[in-house]
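Reader: I would like to learn how to read a model like this one. Please take me through its features.

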Amino acid sequence: MSQGPPGPPSGLAAVSAALLAMSRHLEVRDVLKTIVASARELLDARYAALGVPDDHGGFAQFVVDGVSDAQWKAIGPLPRQHGILAAMLREGRPVRLGDVREDPRFEGWPAAHPELADFLGLPIRDEDEIIGALFLANKNCPRPHDGCGFTEDDQALLALLAQHAAIALTNARLYERSRELTIADERSRLAHELHDAVSQKLFSLRLTAQAATALVDRDPARAKDELHQVAALAAEAADELRAAVVELRPAALDEDGLLATLRTQIQVLDRAHTARVTFTGHGFRALPAAQEEALLRVAQEALHNALRHSGAEHVHVDVARRGRGAVLRVTDDGRGFDPTAVRRAGRHLGLVSMRDRASGAGGTLTVESAPGKGTEIEMEVPGG
């Protein structure tokens, strides 16, 4: 009596579900979370994490699964690229260990960090570029006496997941870049429309005010009517400005936080301009929404000045923690200016607006520049 065809390999449905879940998302953060959760469930591990490295020894994004929000907050700042994580990113090879604590590359972890034992990690590659590090720890199974909890089959399965994770992550990045460029075009269009609409309102308001002035002595009743019209036009202009401010509010700030929002915008500017535009962010912790928006707006204004007016070859933005607050620096190697010429430079470069934003957020703004010496704009805000 012949037997029927063999059934599907064990776990195939779970792998298929994981790959489908990754392909459903377009936002980078959602893709990262799905990859981590899928990997932990698929390999039955207690903990999973995925880090996307930056160019400065840290991680641009770091997502964990299996750790509570309270515990993750207690752990503290994101890890640096050191120890086993650094080796995995540098060498581009998988790491499978029976006890991560016994490896000579192990450098410890913060007091609130969970105790990890067996460990399986793989780099995520986009062709020759390593775009992430995916790792699992503490497999939920009896520990064998002669090896780690993760097997060669686990490693092969995670390698398959990492290949598809690279595709999903690359697609998500391309989508976000496309969206940023679309948003930039839309905001530019809106700015032109706003300029035209408000300019027309202000022109009408000016003519009506002049008419009221001419009628005040010889026809007070008509002058009064004209002044009512002035008030109505001013109210319409104010409404249009308020609507524009709401529409232009940076939604990404609420979704992604200040560092990720700035990093994305600076990547777009770097591609759009001949000047090199770079970014670093370290030790930063979330601030009240009003302060983060003020920091973002000042950074945008300073970047606009540097890229449009300074002739700089390199513009750099840095955000760092300072006490309970934060400090923003925007530096360029452009032609500079004389900061003491407050009236002329203040109007031309938006310094008055930047100082108002800093003051409104409870902070301070300083400007250092000189002709031929470039410019540094620093804004500091206290913690919440």
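**Reading contacts, cores and packing**

Author: Start with one residue and its surroundings. Thr 375 touches Val 330, Thr 331, Asp 332, Gly 336, Phe 337, Val 367, Glu 368 and Ser 369, leaving out residues up to four places away in sequence. Keep in mind that this is a predicted model.

Reader: Where does Thr 375 sit, and is Thr 375 buried or exposed?

Author: Thr 375 is placed in strand S10. Burial is read from relative accessibility, and the cut-off for buried is under 20%. Thr 375 has 9%, so it counts as buried.

Reader: What does the side chain of Thr 375 make a polar contact with?

Author: The partner is the side chain of Ser 369, at 2.8 Å. Ser 369 is also in the list of residues that Thr 375 touches.

Reader: Now the whole chain. How many helices and strands does the protein chain have?

Author: There are eleven helices and ten strands. The chain has 384 residues, and 41% of them count as buried. For contact range, take contacts between residues at least 6 apart in sequence. Of these, 62% join residues at least 24 apart.

Reader: How do I read the largest nonpolar core? Which residues touch the most other members?

Author: Look for the members with the most partners inside the core. This core has 36 residues, and those touching the most other members are Leu 258, Leu 262, Leu 295, Val 319, Leu 328, Leu 365 and Met 379. Next, ask which elements supply it. Those giving two or more residues are helices H8 (258-272), H9 (289-309) and H11 (351-360), with strands S6 (276-282), S7 (314-322), S8 (325-332), S9 (364-369) and S10 (375-381). H9 gives the largest share, nine residues.

Reader: Let me follow Val 63. Where is Val 63 found, and which residues does Val 63 touch?

Author: Val 63 is in strand S2 (residues 59-65). It is buried, at 5% relative accessible area. Beyond four places in sequence, Val 63 touches Arg 29, Leu 32, Lys 33, Val 36, Ala 48, Ala 49 and Leu 50. Compare sequence and space for one pair. Val 63 and Arg 29 are 34 residues apart in sequence, but 8.3 Å apart in space, C-alpha to C-alpha.

Reader: And Val 230? Which residues is Val 230 in contact with?

Author: Val 230 lies in helix H6 (residues 220-248). At 16% relative accessibility, it counts as buried. Setting aside neighbours within four places in sequence, its contacts are Leu 205, Thr 208 and Ala 209. Val 230 and Ser 204 are 26 residues apart in sequence and 8.5 Å apart in space, C-alpha to C-alpha.

Reader: Next, helix packing. At what angle do H8 and H9 pack?

Author: Read the angle together with the axis separation. H8 and H9 pack at about 15 degrees, and their axes are 11 Å apart. Angles under 35 degrees count as roughly parallel. H8 and H9 are therefore roughly parallel to each other. Their crossing is right-handed. H8 makes the contact through Leu 258, Thr 261, Leu 262, Gln 265, Ile 266 and Leu 269, and H9 through Glu 292, Leu 295, Leu 296, Ala 299, Gln 300, Leu 303 and Leu 307.

Reader: Is Lys 139 buried or exposed, and what does the side chain of Lys 139 reach?

Author: Lys 139 is buried, with a relative accessible area of 12%. It lies in strand S5 (residues 129-139). Its side chain reaches the backbone oxygen of Leu 43 at 2.7 Å. Lys 139 is also in contact with other residues, including Asp 44, Asp 118 and Phe 150.

Reader: Last, backbone angles. What is the phi of Asp 44?

Author: Most residues other than glycine have a negative phi. Asp 44 is not a glycine, yet has a positive phi of about 55 degrees. Asp 44 is in the loop between helix H2 (28-42) and strand S1 (45-53). At 38% relative accessible area, Asp 44 is partly exposed. Asn 138 also has a positive phi, about 60 degrees. Asn 138 lies in strand S5 and is buried, at 12%.

Methods
Residues numbered from 1 in each chain as written. Predicted model: local features only at pLDDT ≥ 70, side-chain atom pairs only at ≥ 80, totals over all residues. Heavy atoms only, no water. Core = buried A, V, L, I, M, F, W, Y, C linked by side-chain atoms within 4.5 Å. Buried < 20%, exposed > 50% of the residue type's maximum accessible area, 1.4 Å probe, protein only. Helix = DSSP H or I, 4+ residues; strand = E, 2+ residues; numbered from the N terminus. Polar contact = N/O pair within 3.5 Å; in protein donor to acceptor, adjacent residues only side chain to side chain. Contact = heavy atoms within 4.5 Å. Axes fitted to C-alpha atoms, helices over the stretch in contact; angles between N-to-C directions. Parallel < 35°, antiparallel > 145°, perpendicular 65-115°, else oblique. Left-handed = near helix turned anticlockwise from the far one by under 90°.
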